[in-house]
Amino acid sequence: MEPVLFYGVPQGCSFGSIVALEWLGQPYRLCRIEMLEQPWDALYAKVNPLFKTPALLLEDGEALSESQAILQHLAARDLEAPLGFVQGSREFDRLNQMLAYLNTDFFAAFGPLWTLYDTQGMSGVEQTLLRRLGREEVAEGCAYLNGLLAEREWLLGDARSMADAYFVGIARWAEYHRLFDLKQEYPNLARHLARLRSDPAVQFAEAIERGEQPKGQGHFKGHVTLKELEPRLAAEALSV
């Protein structure tokens, strides 16, 4: 079977991995994880014992987790695409650096806002504090990225990369949480986000999140459930 990407909804950072798979243009399947439905299916522990998305079940049954690792793995599948670079090259280091920034600093900046989103029973003072903290940290990240994009077509320069796929899945959170007017305060970032949202692969990922059945570029081979994957996961467990 083709590799299977486990993606989380709503608003999962795994969005970028769906975009990356469409850009890559190789057969794959998806498995939808409703993150708000607790507890998650215990079977998912065989995919990722940390119960987080994304995760990628490879053809040989091995599971790979963490967005940065997944995106670099996908990029290496076709270096002529090109969405990634040969390990050890200066370009690879720049991609790795950008992915690391997006996956740590920029991602973490939204942490207070997701805590506010997930937690019930907070006082008004606590809610105000979390929103202010989140807004300040996200603003710092947006300012940095806005500066980079002032003279670049894509995050790394003249060509798109896996960094842009991951970026669109995270940067959209600024709009989701209604933090500020991106066009007014961070026009270069807003321009890049709008450009990506007009991309067929991004529109495909948005439709997938909404629960629709888009065709994409024809490489998506459909959804599969955890239950359907159980024999494959059990076989991998026995081989370890």
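**Loops, helix packing and salt bridges in the predicted model**

Phe 51 is placed in the loop between S2 and S3, where helices (H or I, at least four residues) and strands (E, at least two) are DSSP runs numbered from the N terminus. The structure is a predicted model, in which local features need pLDDT of at least 70 and side-chain atom pairs count only at pLDDT 80 or more, while totals for chains, interfaces and linings use all residues. Residues are numbered from 1 along each chain as its sequence is written, and side-chain values use heavy atoms, with hydrogens and water left out.

Although Phe 51 is not a glycine, its phi is positive, at about 55°. With a relative accessibility of 31%, Phe 51 counts as partly exposed; in this classification, buried means under 20% relative accessible area, exposed means over 50%, and partly exposed lies in between (1.4 Å probe, protein chains only). The loop between strand S2 (28–34) and strand S3 (55–57) also holds Pro 39. The peptide bond leading from Gln 38 to Pro 39 is cis, with omega near -5°. Another cis peptide bond connects Ala 81 to Pro 82, with omega about -20°. Pro 82 belongs to the loop between helix H2 (67–76) and helix H3 (90–109).

A positive phi is also found at Arg 178, a residue other than glycine, with a value near 55°. Arg 178 is located in the loop between H6 and helix H7 (182–185), and its relative accessibility of 72% places it among the exposed residues.

Helix H1 (residues 15–24) is largely enclosed by the rest of the structure, because ten of its ten residues are buried. Among them are the residues Phe 15, Ile 18, Glu 22 and Trp 23. Gly 25 follows H1 and has a positive phi, near 80°.

In helix H2, Ala 69 is one of the residues, and a relative accessible area of 32% makes Ala 69 partly exposed. Ala 69 and Leu 56 are separated by 13 residues in sequence, and their C-alpha atoms are 9.7 Å apart in space.

The packing of two further helices was also computed. Helix H6 (residues 162–176) packs against helix H8 (residues 187–197) at an angle of about 115°, and their axes are 10 Å apart. H6 is therefore roughly perpendicular to H8. Axes are lines fitted to C-alpha atoms, for helices over the stretch in contact, and angles run from 0 to 180 degrees between N-to-C directions. Angles under 35 degrees count as roughly parallel, over 145 as roughly antiparallel, 65 to 115 as roughly perpendicular and the rest as oblique. The crossing of H6 and H8 is left-handed, a term used if the near helix is turned anticlockwise from the far one by less than a right angle, with right-handed used if clockwise.

Eleven salt bridges are present in the structure, each being a side-chain nitrogen of Lys or Arg within 4 Å of a carboxyl oxygen of Asp or Glu. One of these joins the side chains of Glu 209 and Arg 172, at 2.8 Å from N to O. This pair links distant parts of the chain, with Glu 209 in helix H9 (residues 200–209) and Arg 172 in helix H6, 37 residues apart. Glu 209 counts as buried at 15% relative accessibility, and Arg 172 is buried with a relative accessible area of 5%.

A salt bridge is also formed by Arg 197 and Glu 175, whose closest N and O atoms are 2.3 Å apart. Here too distant parts of the chain are linked: Arg 197 lies in helix H8 and Glu 175 in helix H6, 22 residues apart. Arg 197 is partly exposed, with a relative accessible area of 28%, and Glu 175 is partly exposed at 37%.

A salt bridge between the side chains of Arg 210 and Glu 212 has an N to O distance of 2.9 Å. Arg 210 is exposed, at 53% relative accessible area, whereas Glu 212 is partly exposed, at 39%.

On the surface, a nonpolar patch is formed by Leu 36, Tyr 117 and Tyr 176, which together have about 300 Å² of accessible area. Patches are made of residues with over 30% relative accessible area and no salt bridge, like charges being joined within 9 Å and nonpolar side chains (Val, Leu, Ile, Met, Phe, Trp, Tyr) within 5 Å. Accessible areas come from the Shrake-Rupley method with a 1.4 Å probe, and for residues only the protein chains shown count as cover. Tyr 117 belongs to helix H4 (residues 111–118) and is partly exposed, with a relative accessible area of 35%.
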